[in-house]
Amino acid sequence: MDAPWDHTWPDLADVPALRKANSKLSVLFSKLSFSEKTMETLHLHIDSVGLDCKRFDHSAEGQCTAFKLLSSLGLHIPDEIQRDVRSKYSIRSTDRKEVKGKVKNPHHIYTRCTRIYQCLCGTDHQAGKRPSKDRQIGWENVACISWIKIVSTHDEMDKNSKKMLCIDEITGIFDHTEACESLVQMDRDPRIGLHLEIRTYALSLVKLQVPITQLQQRCREFAKDKFGDAPGNTHHRFVLNDHETTSLYRTYFAELGVPQRSAAEENLEKWFRSSKPSPPDSALTDACLYYKHCGEDPSDRFIIIISTPEQREMAWRYGHKKLVLLDGTFGVNSARSLLFIGMVINDAKKGIPVVFFHFTARKSTTAAHADYDGPLLQDLLGRWKQAMGKNKAGEDFDIKVVVTDNDTRERNALSIVFPDALLLLCRFHTAQAWRNGVNRKIHIIPKGPARQEVRRIIAKFLLVLLKDITKFEDAISHYNKHLDYFQKLGELPNALSKKKSQGGLAFLSYFQSYLRLREFWVAWSPAGVAEAARHLGVEPEHVPRTTNHLESFNGQIKHRYFRAYQHSGRLPRLDVWILTLILKVIPAFFQELAVKEVRTQYFLDMRHAPPKSRYDSDTS
């Protein structure tokens, strides 16, 4: 019987022979997972019977003998002899070391592998380096003491044509115990790996961001085309398990640089630390403007400022001495974190995110979505401004107009870092705050026509302020007019008028804060839009009144851009989210933007009539 692995017998003449046992029994036993009682039985067997030890020379006859023994024991060798999923043997450890060729070819390096196999019927799932609470092994533990060590030599210098050359040694306890020999059926289904071709195809679909349901269907069709209707064979299965996508995503992100069984904070520290960072891609280093790891103190938090070179270029082109939108959101990944995004608007009125301020909530807080303050935002904005450096004219990065929501913490931080910037309030957020205020304050009025009447009066009052009045004095006069109206309404003798008066006055009392300072009135009034237009040198209708561009992107970054990288609807881990943002999402955004610009220009070009041909000019 010939050995099945690819070989050329003259190659073996240069392979050095195995000189001596390459591991002590104490070291070897530390790699096995036996219970204490089974280990005692093992030592008694070695003391009384000894070990089975077979060494093989590098001749054809010696290697055929080695293969016959491998076959009789039911052993496998990865990439050479496939494992039967019903086998009782499993590899517990693999050690590799380099050995030099003989005198004729001393520069050739071979790899000598030492693999330790253990019978699963003696494997204690609660022992070893990675104990588990529940037994996931199909075979029952009946204290079998069989284990085997195989030493083999491989040629791996050419990574594209690795091959095993020979078996050098097979040592151990070859015979199973009587209890193990009598055991012929597993207690539970065995773990059967997905066929490599199907798994490779499934991974390619993951990389193409194919939805899970569609991925499963396409894999079923691929398997049927390749292997027919069979669910599997004695080596692999041809169907995806219910939770196969979890394994696929782990593999995918491991290829990107997120190892399995690694903590998010460890990966982030490894990628972004100031001293000798080791990111999986240099793009991470290029995109990180500032990084701070989260310490052990309850008040510490993780912080990172992300802006790729392309984003910084867009910030200078469309944000320097121009308008920027700023807004915050949460719930983008599995960490208790917040994300603030700075966005500019290009000439085609498309919003472009130019910076991401991402930080976790403090461990001591309960309301993670609101765990930030003015000084924190001031620090982040200041670091971004500093990291932007200077342009070719020697100017520091500056902003003339900023549109935000009603968050005073954002506005205070912006006014300190960019003191000359005009701060405008988003009309949508302002109107939403007023609507909520109306609902709270007029609740005292009984439901029905009376409440609706007061609601209409207040709505008309607010609409005039928001769209028509451009002078602060006129706004105060308009407010006082309605204040006088509701005060006089309360002087009427009927109870319903008094309720209407109380509701109207309660709202006006709440609304007074919007008119207390002229600077704050400018932020939400038409006067602010006119002033912003003068700052920017554009017409008022070209000044954005809302942060809708940014709100839209917030929705896309939570759903559209990251949906393909989620599995079972779960949010990605913090390190996975940052890695995907920098390597996938931001590049995809700019690629899509470039395609749209080219498409727009194409249609503009196609509006023109075709030029006259030279034949037309000749006949004229």
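**Aromatic rings**

Phe397 counts as buried because its relative accessibility is 0%; buried means under 20% relative accessible area, exposed over 50%, and partly exposed in between, with a 1.4 Å probe and protein chains only. This is a predicted model, where local features need pLDDT of at least 70 and side-chain atom pairs count only at pLDDT 80 or more, while totals for chains, interfaces and linings use all residues. Residues are numbered from 1 along each chain as its sequence is written, and side-chain values use heavy atoms, leaving out hydrogens and water.

The structure has 31 aromatic pairs. Rings of Phe, Tyr and Trp (its six-membered ring) pair if their centres lie within 6.5 Å; planes under 30 degrees apart are stacked, over 60 edge-to-face, and the rest tilted. Trp316 and Phe397 make an edge-to-face pair, at 5.3 Å centre to centre with 85 degrees between the planes. This pair links distant parts of the chain, 81 residues apart: Trp316 is in helix α10 (residues 309-318), Phe397 in the loop between α11 (374-387) and β11 (401-404). Helices (H or I, at least four residues) and strands (E, at least two) are DSSP runs, numbered from the N terminus.

Why does the pair of Phe507 and Phe511 count as stacked? Their ring centres are 5.9 Å apart and the planes are at 25 degrees, so the pair is stacked. Both sit in helix α16 (residues 495-511), four residues apart, about one turn of the helix. Phe507 and Phe511 are both buried. They belong to a cluster linked by ring pairs, which also includes Trp434 and Trp524.
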